[in-house]
Amino acid sequence: MSLFKHLLTGTLAATLGLTGLALEAILGQPPAVSGADEFTIRAIGPLVFTLSVDSLETFAETGEVTGDFKLFARFLNDEALAGLQPMLQKRFPLDVVTVSNLSYSPLGRDAIANVGKIVQSTHGENGFYALRAAVINAAAKAGPEGWTLIDVMREFPADSISINVRGLLDLQRELSIYLSYNRAAVQAIRDQATAEAAGQSGLDLALPDLSELGPYAVEQTTVTVTNPALRQTGQGLTVNYDFDVDVYLPQNTAGPAPIVIVSHGFGAVKEDFVFLNQHLASHGYVVLAPDHVGSDLSYREAYLGGRLNTLLSPIEFINRPQEISFLIDELEQLVASSPDWAARLDLSRIAAIGDSLGSSTVMALAGAELNQANLAAACDGDTFTLNFALYLECRARFLPPKSFDLSDPRITAVIAAHNMGSALYGPEGIGQIDVPMLMVTGSADITSPVVTEQFAPFIWLNAEPRYLALLQTGTHFSSKPAGEGAGDVPSFLMGEHRDVGSRYYKGMTTAFLGAHLRGQEQYLPYLSAAYAKAISAGQPMVFDLITSLSEAQVNAAYPGTPPVALVPPPATPVPPRDQSVLAAIARTGELRIAMRRDAPPFGYIDDTVGWTGYCPALAVALQDYLQDKTQGTVTVELVELPSTLGDRYDLVRDGQVYLECGPNSVRTDVEGIEFSDLIFATGSHFLTTLDNAPNVNPALSLAGVTVGVLANSTNESFLQERYPAATITRFEGPTGRADAIAAVSSGQIAAFLGDDLLTRAEVTQLGLPSQNLTLVPELPLTCEYYSLALPSNDSQWINTINDFLATSEEADARVAWLGKFADDNSLNTLAYCLNR
């Protein structure tokens, strides 16, 4: 991941640097700061201390413990003091414009709020605003050499700071993961490598050096691929976007060559891996390096320049693997249409290599499944973290809470370097990988913490064979030679001896691909602990390689209670239903569907045609689809039942119907319900009159403003939480939405909070003059993703419905009824919701 000085250093300043305001408390003595030369520390209960910034500055400059700092130094061991001094000395060369842009970006806000969990200007309240002001002011007053933590302390706009004790415990745990637990895990890997090497004494290790170029000359070209998908680019939300792919072709091979696809990291470019691409091509592989345009260098620069408000679009976690699958589709078409390409490409042997964020991409292709529950636990809590990779991964929590199958069976082997993705996939997701895998790690990787982001996923792997390569003292960038894959990353993050690490990496990848893509056994000795030890002898960077590791081994090497569970307890599986829906349909011939009668355009009563809308049309299309699937062996009869906002899920859960169709917002907390693939996306706004619009200001508390909402809806929960001072009027029953909108139009209430699609459709249905009504604010207050409600314990039925939703028959019904609402407002809402 070619992270860059402005973003990574800025975030580390917020997560690591600002943590220095509390770092003196690592071993139990918490500090805090004020804008004055002396600040007050409120620890626990009545304990209050003072500490001068001058004494900290003296320690930072000379290492001398003077004045009131002596009190705190008594509680710090030599290791803690040695770590504190360089942190206080470190200068962050970020100007005030960059700091301001970052601090107001989603990533910057999250990072500062993360530190604010510990450093609080008022007891019990996050210190976010004070910290942000302090950092911006420090940057504004700094010279070209940058600012320090001491500068931030002197700019802190408060007389005292309250330290969150729980946050200090979280900080101590996080530092243990980076320090002592890291050392224990590395020692466990070294011990395992020694044990494996002892059993490999019979191997002939006098092997050719695979880090040298191979025998084939290489020709390079670039092709442009068009992908018909929705994604965020540097130009905004686009469809049918183009992306370039560099192709490295070995010349004069004996036949079609195996294919390797290389996925770059966040903020990187495909050219960062020229050294590896040319190397592998010289060994007889066709190498393809796509440019992931939603997370590459130009996108990152657009973000830093203030032209985008999204660091990483959540949809990028879907688009990246889909781009590679689409690229393989294109290769298949080339082979089918061109004898020249058919002579060059062996489509039966395809591997994928990913670096950093690219590693999460190739793991998805190899079978890892997004784990929404794991993401929620990792991202939505109040726990302090130093894990930079987690900030990127947590962008995926804004994806619709659905299952995404991104695997591609055409990928038969993967390499993940400097991995991130433990929160994305969790043990259950990683455990689904079913192809040979090599993970390459660095013991000093602080960008993607090696214990939790790399060692733990290796332990979770069930795939065989699996390999873990560890570069001792290696960083996030140690597998790439100097000058490649680092961009403007500061030297203290890049590490030393990258020439040695990149040689190891080229040799490892060549051996792994030879053994597990080509299937040639002569490469297996290279993938042994004994060979790794042999080539490491006398080198400034040691290389270990193992094939097995357990949580018990790591914990045995740790002297105390482990700070984190490497293998969390598994989720409780959902028991299957006694009889599948398809079996019940085959037995009874009944397709039982519930639909709303109060939710145009999904389902409503028309005086002329009766029950109509998208859901009745979908029901008929599904009836025909299942009739065709049975090939005439069963006559499928459609049984339509009415549902309401209150009983819709009970009908499915109790087995009275097999599917409920309506504006069902996708959620994860509805017991017994699984939601289908998405059928529509919308947002929530206040509907009000033009006369009342000035009084309905969502930026204010809405105190005294009468707002209508549907009872027992997600909008009601949102309204109660966000605007507790508003006067809430609940509308219930089949005519609730129509009654609420009529009340807005007549002036009985000031506004109605509802889903845009349903509100607009109801206004049309009621025949109200839309020119007198308006939706506020401009951007939606909430994002709603609509799906069909299905029983959660019938995977066969869920897959059948999702297959049906991909048919042209369903698309016809959707376009006929929902397409009229897919206007510019809907697209703007979709763009916002995808990039919150």
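**Arg132.** I looked up Arg132 and found it buried, at a relative accessible area of 8%; buried means under 20%, exposed over 50%, and partly exposed in between, with a 1.4 Å probe and protein chains only. The model is predicted: local features need pLDDT of at least 70, side-chain atom pairs count only at pLDDT 80 or more, and totals for chains, interfaces and linings use all residues. Residues are numbered from 1 along each chain as its sequence is written, and side-chain values use heavy atoms, with hydrogens and water left out.

Arg132 belongs to helix α8 (residues 128–141). Helices (H or I, at least four residues) and strands (E, at least two) are DSSP runs numbered from the N terminus. Setting aside neighbours within four places in sequence, I listed Ser103, Tyr104, Arg109 and Ile112 as contacts of Arg132, a contact being heavy atoms within 4.5 Å.

**Helix α17.** I then turned to α17 (residues 372–379), whose buried residues are Gln372, Leu375 and Cys379. Viewed down the axis of α17, these fall within an arc of 55 degrees, so they line one face of the helix; the arc is taken from the directions from the helix axis to the C-beta atoms. Ala373 and Ala377 are exposed on the other side of α17. The cover over the buried residues includes α18 (388–393) and α19 (422–430).

**Aromatic pairs.** I noted 17 aromatic pairs in the structure. Rings of Phe, Tyr and Trp (its six-membered ring) pair if their centres lie within 6.5 Å; planes under 30 degrees apart count as stacked, over 60 as edge-to-face and the rest as tilted. One of the pairs is Tyr625 with Phe804, tilted, at 5.4 Å centre to centre and 50 degrees between the planes. Tyr625 lies in α26 (residues 614–629) and Phe804 in α31 (residues 795–805), so this pair ties together parts 179 residues apart in sequence. Tyr625 is buried at 18% relative accessibility, and Phe804 is buried at 1%. I also recorded a cluster of Tyr523, Tyr526 and Tyr531, linked by ring pairs.

**Charges over rings.** The criterion is NZ of Lys or CZ of Arg within 6 Å of the ring centre and within 35 degrees of the ring normal. I found Arg518 over the ring of Tyr285, 4.1 Å from its centre, and Arg466 over the face of Phe458, at 4.7 Å from the ring centre.
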